[in-house]
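These are my notebook entries on a structure that was new to me. I set down what I looked up, in the order in which I looked.

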Amino acid sequence: MSQNFKRFTVLWMGQLVSAVGSGLTSFGLGVYVFQQTGSAAGMALITLLGFLPTLVLSVPAGVLADRFDRRTLMMLGDGLSGLGILFILIRMLQGGATVGEIAAGVCVSAVFSSLLEPAYKATVTDLLTEQEYSKAGGLVSLAGSARYLISPLVAGLLLPVGGIKLLLVIDLCTFGFTVLSTFAVKRGIRTQRNAREESFGESLRQGWKTIRSRRGVFLLVAVSSLLTLFVGVFQVLAEPLVLSVSDAKTLGIVETVCASGMLVSGLYLGVRGIRSGYVRVLGVSLAVAGAFIIGFGSFHSIVWVAAAGFGFFAMLPFANNCLDVLVRSNIPAELQGRVWGIVGFLSQIGYVVAYGASGVLADAIAAAGNVGVGRGSGIVIAVSGAALILVACGMMSVREIRALEGKGGARLVVETAEK
């Protein structure tokens, strides 16, 4: 293991702990808001408000990641995002936080967290060689799955003991660990800088031009946006689907089983990685994921639903790993921050569409077909799975995407960017 990969491992451990802490807060606040309002719409609102600031600010955050030290930005993002959680905790200690106060705290936390993602992704490029990208991608996917695999189980055990306040305190403690791990890595590496000064607007234009100059990268970003759309549909509608035939305890078990799929494949990728055939693996993993989504939406039993969910989540790290490597290896290192900011913004638009439309669509189908909301949710999920299979099949036939694995791909982007 190289020295830089060891540094990446330290950084990754900090992000893993942070993901678990964020998952505890997310789970706890969701339960708290539902108990206070009795409304699923209230839970969805908190989710949306926690997501939108990160999406909107991801592009300028990417520019900042190319203009300033990336590790410093990560420490600021992690540390200051705790202010929003601290505000919610104080209001809880004073007698209880309203939904509006929780929304405000979540927004503040999300604003500062937006500094993290582009700087983190660009730091991976600073640290590692192309041969190490795939293994690193597997570990990153594994850390991302922790908030769905570990956090619900831990939060479910701790809530009856210490309530939401205990979960918030634990989350605040994780911020300190994450900042320290980032500081430890910061001392050992230098950030690549542009040779000339650029205005903020020019930096944004350069990032967009870099993406557009490589049509295959641009098309991959479009595929990524569609993937987040389908994942968002699954996230929003899986809960009403399961709750229509079972209880909240069973839902928690199903969520853990489903997230275990990401754990298994994330561990595999972290050890073995993917060495070649990224476009083929991407297409196959998306198609198989679509088939599992169809199975989930066409549920016959809770066991079948859990198995289909496991299979779906097991495919996501393979898809994300290939998307990450194909984009990363075709973008110059000095442009990585702004490019990842723009890529993050465009690829996650699918979540906004899913969060805003899928619930309404499921309700409309249920009303029109005179069936329950669970059945309406299952139909929407199954249709999204079929659409994902079509996207996968179409993507593998696109010449510009296949060309990203060619040896000249990265050189072309560098030459175009320098012009």
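**Entry 1: The whole chain**

I noted at the outset that this is a predicted model. I then looked up the secondary structure and found 17 helices and zero strands in the protein chain. I checked burial next: of the 419 residues in the protein chain, 50% are buried.

**Entry 2: Confidence**

I recorded an average pLDDT of 79 for the protein chain, with 87% of the residues scoring at least 70. Where is confidence lowest, and where is it highest? The lowest mean, 37, belongs to helix H17 (residues 409-418), and the highest, 93, to helix H11 (residues 278-297). Over residues 407-419 the pLDDT is below 50, and this stretch has 16 contacts in the model beyond near neighbours in sequence.

**Entry 3: Helix H3 and its partners**

I turned to helix packing. Two packed helices are described by the angle between their axes and the distance between the axes. For H3 and helix H4 (residues 99-113), I found an angle of about 170° and axes 7 Å apart. An angle over 145 degrees counts as roughly antiparallel, and H3 and H4 are therefore roughly antiparallel to each other. On the H3 side of this contact I listed Gly-77, Leu-80, Ser-81, Gly-84, Ile-85, Phe-87, Ile-88, Arg-91 and Met-92. They meet residues of H4 including Glu-101, Gly-105, Ser-109, Phe-112 and Ser-113.

I then looked up H3 against helix H5 (residues 116-127), where the angle is about 145° and the axes are 9 Å apart. H3 passes H5 in a left-handed crossing. Here Arg-70, Arg-71, Leu-73, Met-74 and Asp-78 in H3 meet Leu-116, Ala-119, Tyr-120, Ala-122, Thr-123 and Asp-126 in H5.

I examined Ser-81, which is found in helix H3 (residues 70-93). Is Ser-81 buried or exposed? Its relative accessibility is 0%, so Ser-81 counts as buried. Apart from neighbours within four places in sequence, Ser-81 is in contact with Leu-76, Ser-109, Phe-112, Ser-113 and Phe-175.

I went on to Leu-115, which is found in the loop between H4 and H5. Leu-115 has 16% relative accessibility and therefore counts as buried, the cut-off being under 20%. Leaving aside neighbours within four places in sequence, I found Leu-115 in contact with Ala-61, Leu-64, Leu-73, Leu-76 and Gly-77. Leu-115 and Leu-64 are 51 residues apart in sequence, and their C-alpha atoms are 8.1 Å apart in space.

**Entry 4: Phe-8**

I looked next at Phe-8, found in helix H1 (residues 3-37). Phe-8 counts as buried because its relative accessibility is 0%. How many residues separate Phe-8 and Thr-123 in sequence? They are 115 residues apart, yet 8.6 Å apart in space from C-alpha to C-alpha. Not counting residues up to four places away in sequence, Phe-8 touches Tyr-120, Val-124, Leu-127, Leu-128, Ala-136, Leu-139 and Val-140.

**Entry 5: Ser-285 in H11**

I placed Ser-285 in helix H11. With 3% relative accessibility, Ser-285 counts as buried. Its contacts, setting aside neighbours within four places in sequence, are Met-315, Phe-318 and Ala-319.

**Entry 6: Aromatic rings**

I counted five aromatic pairs in the structure. One of them joins Phe-312 and Phe-313 in an edge-to-face arrangement, 5.2 Å centre to centre with 70° between the planes. Both Phe-312 and Phe-313 are buried.

**Entry 7: H14 and H15**

I listed the residues in contact: Leu-361, Ala-362, Asp-363, Ile-365 and Ala-366 of H14, with Val-373, Gly-376, Ser-377, Ile-379 and Val-380 of H15.

Key. Residues numbered from 1 in each chain as written. Predicted model: local features only at pLDDT ≥ 70, side-chain atom pairs only at ≥ 80, totals over all residues. Heavy atoms only, no water. pLDDT = per-residue confidence, 0-100. Helix = DSSP H or I, 4+ residues; strand = E, 2+ residues; numbered from the N terminus. Contact = heavy atoms within 4.5 Å. Phe/Tyr/Trp six-rings, centres within 6.5 Å; stacked < 30°, edge-to-face > 60°. Buried < 20%, exposed > 50% of the residue type's maximum accessible area, 1.4 Å probe, protein only. Axes fitted to C-alpha atoms, helices over the stretch in contact; angles between N-to-C directions. Parallel < 35°, antiparallel > 145°, perpendicular 65-115°, else oblique. Left-handed = near helix turned anticlockwise from the far one by under 90°.
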